[in-house]
Amino acid sequence: MTESEFNDAIREIFRIENTGSTRIYLDYSISDTTYRLKKKRLREAVVRLKELKTDQDFEIFDENSFEVSVVQNSRRFFPGDDDICKSDTVNKIEYKLSSPSDSYLIHIIKQLLPLSSTPNSGRPLMFHRLRNRRFHSSEDEELDLFDLLKRVIPRFQTLLIKTETTKTKIEYETLTYSFLFNLGYNTDMSYLPSSFVEDLTRTIRIGRIRRVRIEEIDPPKRKYENDLILFYQKGISSESVDLQYLSFYHILEHFFEKIYNDEMIKSIKSELTKPSFSYKRIMKIF
């Protein structure tokens with residue numbers, strides 16, 4: 001990805017315009033705030049990404065490193081607040097759960113670019129966050145575009161594993177699940193490897209299915225089953241596809257049972273009201 005291609009991608013995905021260029025920096029403007037990106041940092045991220053392999057969209061790896069996007073299902077994630085670094089000195093393995101590397105950011109931008117041109121794609125879900133002043137740094141601090149994007153893209157978190165000895169992709173996946181299980185068991189929080197782009201696009205798609213202004217919502221005109229409401233709320237709030245499936249299945253299961261019982265009652269009524277029916281008649285079985 002060249003500087004020109006990167007600028008085109010940023011404009012298409014985030015509506016961020018490149019406003020200038022110097023020998024060292026690329027400049028970008030967002031809501032009257034200028035962000036800068038070192039050309040060297042961009043080049044290094046692109047070069048490093050070319051050295052890495054991927055056979056699934058949410059993993060990039062080589063023989064000594066493995067990075068995968070991770071979703072936290074137990075509570076809201078605030079980038080930068082939950083960095084977890086652990087070192088296995090015996091096996092010479094480093095684990096880091098935090099904001100993604102620069103190379104992983106470029107990897108995701110490449111995946112988001114085709115989605116930005118799809119019909120009815122509109123502006124990305126994180127677009128309004130670029131205008132939120134709480135993500136802006138102080139005036140004395142250099143405003144870096146890469147760091148901004150890592151903060152405004154919702155739930156953008158990866159597990160990066162580095163090893164001194166070479167390992168296969170299968171070995172890295174085993175280390176990933178072992179680390180996330182150990183972390184979840186000790187913190188009572190759920191972490192799972194997940195396709196970040198699929199999660200993000202699903203969130204955008206669901207968010208656009210029904211969205212009305214608060215003043216357009218009427219008070220409820222019906223009464224509902226409390227358990228069904230709880231299952232529905234779990235289904236729409238969970239980031240786990242498995243939990244979503246189970247929640248909505250419980251709702252369907254409720255109506256399966258109701259329909260079955262209604263049909264059984266209907267069938268019995270039909271038999272009882274037939275002209276030929278008599279409770280005194282004994283059915284002969286041959």
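Modeller: One definition to begin with: a residue is buried under 20% relative accessible area, exposed over 50%, and partly exposed in between, with a 1.4 Å probe and protein chains only. The model is predicted: local features need pLDDT of at least 70 and side-chain atom pairs count only at pLDDT 80 or more, whereas totals for chains, interfaces and linings use all residues. Residues are numbered from 1 along each chain as its sequence is written, and side-chain values use heavy atoms, with hydrogens and water left out.

Colleague: Then where is Lys92, and how accessible is it?

Modeller: Lys92 sits in the loop between strand S6 (84-88) and S7. Lys92 counts as partly exposed because its relative accessibility is 43%. Its phi is near 60 degrees, a positive value in a residue other than glycine.

Colleague: Let us step back. How many helices and strands are there?

Modeller: The protein has eight helices and nine strands. These are DSSP runs numbered from the N terminus: H or I of at least four residues for helices, E of at least two for strands.

Colleague: And what share of the residues is buried?

Modeller: Of the 286 residues, 37% count as buried. The accessible surface comes to about 19000 Å², and carbon and sulfur atoms hold 54% of that area; the areas are Shrake-Rupley values with a 1.4 Å probe.

Colleague: Now the second largest pocket. What is its volume?

Modeller: Its volume is about 540 Å³. A pocket is an open set of points on a 1 Å grid where a 1.4 Å probe fits, with protein on both sides within 12 Å along at least five of seven lines; lining residues have an atom within 4 Å of a point. The volume is the space filled by probe spheres set on the points, which are joined across faces, edges and corners.

Colleague: Which lining residues are closest to the centre of that pocket?

Modeller: Of the 28 lining residues, Ser99, Pro100, Ser101, Asp102 and Leu160 are closest to the centre. Elements that give two or more residues to this lining include helix H3 (102-116) and strand S8 (158-163).

Colleague: How does the lining of the second largest pocket divide by residue type?

Modeller: The lining has nine nonpolar, seven polar and 12 charged residues. Ala, Val, Leu, Ile, Met, Phe, Trp, Tyr, Cys and Pro count as nonpolar, Asp, Glu, Lys and Arg as charged, and the others, Gly among them, as polar.

Colleague: What about Thr158: buried or exposed?

Modeller: Thr158, in strand S8, is buried, with a relative accessible area of 1%. Its side chain makes a polar contact with that of Glu67 at 2.8 Å. Such a contact is a pair of N or O atoms within 3.5 Å; within protein, one must be able to donate a hydrogen and the other to accept it, and residues adjacent in sequence count only if both atoms are side-chain atoms. Beyond neighbours within four places in sequence, Thr158 is in contact with several residues, including Ser99, Pro100 and Ser101.

Colleague: Which residues does Ser103 touch, leaving aside neighbours within four places in sequence?

Modeller: Ser103 is in contact with Ala45, Arg48, Leu49 and Ile60. Ser103 belongs to helix H3 and counts as buried because its relative accessibility is 7%.

Methods: Contact = heavy atoms within 4.5 Å.
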